[in-house]
Amino acid sequence: MSKSLRLSEKWFRRGLWLVAFVFASFLIGLGSTIVGDLPQVERVRVLDDFIDKPAAEPLRATIKASEKAEEQAARDLDQAQLQLNTAQQASANARETFGNWIATRRATAQPDQDTELIARTKALDAFKQKENAAQRKADAQRQIALDARQAEQRAREALSVLERAAQERLDAEYRRIELRVFAYRLALTLPLLLVAGWLFVKKRKSTYWPFVWGFIFFALFAFFVELVPYLPSYGGYVRYVVGIVLTVLVGRYAIIALNRYLARQKLAEQQPDQVRREELSYDVALARLGKSVCPGCERPVDLKNNEIDFCPHCGIGLFDHCGHCSTRKSAFSKFCHACGTAATTTQAPHTPVTGTAQSVTPGAPVQPAT
């Protein structure tokens, strides 16, 4: 078809296609923003919306109190451990001093030192008592920390049971939300696709065809690119079922369209040659001739053979002669390429005539052949 267009018309058409793509890009951007914001129509669900709160709150309070008790016990244990270390060091020093003194006492064997021996022994017992008290205090803090950890563990185990049940309900709710959001997207994109199909059938060759094609590109992108990634999975069944349904619908449309096209072609081939050539668009005819196919039936024809004036498949006239200079030319040309005479004054290609030929005087009535 481009061979029949003027040079300026070609560039204008290219510019209009650019307008169509730019228009489609802006529509796609707007559509992507709307589709991306559709999940915001649903309230965000959290685990606490589905958990048994009367049972969960005491457990969480127990966990929180146990954590605080464990932290406090850990701090107190550090202090008790420091006091225990100090008491153990003092007791060890006292035992070492007492041992040295005992050795000296035995060496001197002085009876007057028995009183001091008793005092040193009591002092050593006091250090041991302090060590034991510090040890009991540290053990008590360890016991508090252990009890807090065990209470926290029991509370967490009980809470995890409630959270697992709540998580199952939350997942089920999100599946329902996903399906609703998909329905919103489908309700938005499917009408666009239907409108695009109507525009393709009715308006794709109208004056404002760039906007029509831009909208068609946008609708196709919105349905097959923006919508498909959001199809609910369910193990892949939905995607396969949707693919099968779309394939059946498109295939059915293609089969029906092909049968209608073949029926129209058969009906057109039964029309007179002049009627068929008048019904064909000039640009369409030239485009088909440029591909070496018949403009009427679209079957291959050897157009380089100068002896072929009619399509051997459907009989439509392909070449005739100029009525002014008798030059052989395309039957679809509007002007003679040799002399420029309008195609209205043409000589029909030679056709075989059966019966007796009659001479016709211009202006005289024609008598039917007998």
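## Loop residues with positive phi

E298 has a relative accessibility of 33% and therefore counts as partly exposed, a class that lies between buried (under 20% relative accessible area) and exposed (over 50%), computed with a 1.4 Å probe on protein chains only. This is a predicted model, in which local features need pLDDT of at least 70 and side-chain atom pairs count only at pLDDT 80 or more, while totals for chains, interfaces and linings use all residues. Residues are numbered from 1 along each chain as its sequence is written, and side-chain values use heavy atoms, with hydrogens and water left out.

The phi angle of E298 is near 65°, a positive value in a residue other than glycine, and E298 is placed in the loop between helix 7 and strand 1. Helices (H or I, at least four residues) and strands (E, at least two) are DSSP runs, numbered from the N terminus. S292 lies in the loop between helix 7 (282-290) and strand 1 (319-322); its phi is near 60°, again positive in a residue other than glycine, and S292 is partly exposed, with a relative accessible area of 37%.

## Salt bridges and charges over rings

As a general point, side chains of opposite charge can pair when their charged atoms come close. With a salt bridge taken as a side-chain nitrogen of Lys or Arg within 4 Å of a carboxyl oxygen of Asp or Glu, a search of the whole structure finds ten. The table lists some of them.

| Pair | Closest N and O atoms |
|---|---|
| R156 and E67 | 2.5 Å |
| E173 and R176 | 2.8 Å |

R156 and E67 form a salt bridge with the closest N and O atoms 2.5 Å apart; because R156 lies in helix 3 and E67 in helix 2 (residues 53-108), the pair ties together parts that are 89 residues apart in sequence. R156 is partly exposed at 41% relative accessible area, E67 is partly exposed at 30%, and E67, E152 and R156 are linked in a network of salt bridges.

E173 and R176, by contrast, both lie in helix 3, three residues apart, which is about one turn of the helix. Of these two residues, E173 is buried, with a relative accessible area of 10%, whereas R176 counts as partly exposed at 44%.

D309 counts as buried at 15% relative accessibility, and R328 is partly exposed, with 23%. The charged end of R328 also sits over the ring of F319, 3.9 Å from its centre, where a charge sits over a ring if NZ of Lys or CZ of Arg is within 6 Å of the ring centre and within 35 degrees of the ring normal.

## Aromatic contacts

Rings of Phe, Tyr and Trp (its six-membered ring) pair if their centres lie within 6.5 Å, with planes under 30 degrees apart counted as stacked, over 60 as edge-to-face and the rest as tilted; by this rule the count comes to eight aromatic pairs. The rings of F21 and F217 have their centres 5.2 Å apart and their planes at 5°, so the pair is stacked. F21 lies in helix 1 (residues 7-37) and F217 in helix 4 (residues 209-227), so the pair ties together parts that are 196 residues apart in sequence.

The rings of F200 and W213, with centres 5.7 Å apart and planes at 85°, are edge-to-face. W213 is buried, with a relative accessible area of 18%, while F200 is partly exposed, with 33%. R204 lies over the face of F200, at 4.5 Å from the ring centre, and W17, F21, F200, W209, W213 and F217 form one aromatic cluster.

## Cysteines

Taking a disulfide as a pair of cysteine sulfur atoms within 2.5 Å, the structure holds zero disulfides. C322 is in no disulfide, and the nearest cysteine sulfur, that of C339, is 3.5 Å away, a distance too far for a bond. C322 is buried, with a relative accessible area of 1%, whereas C339 counts as partly exposed at 33%.
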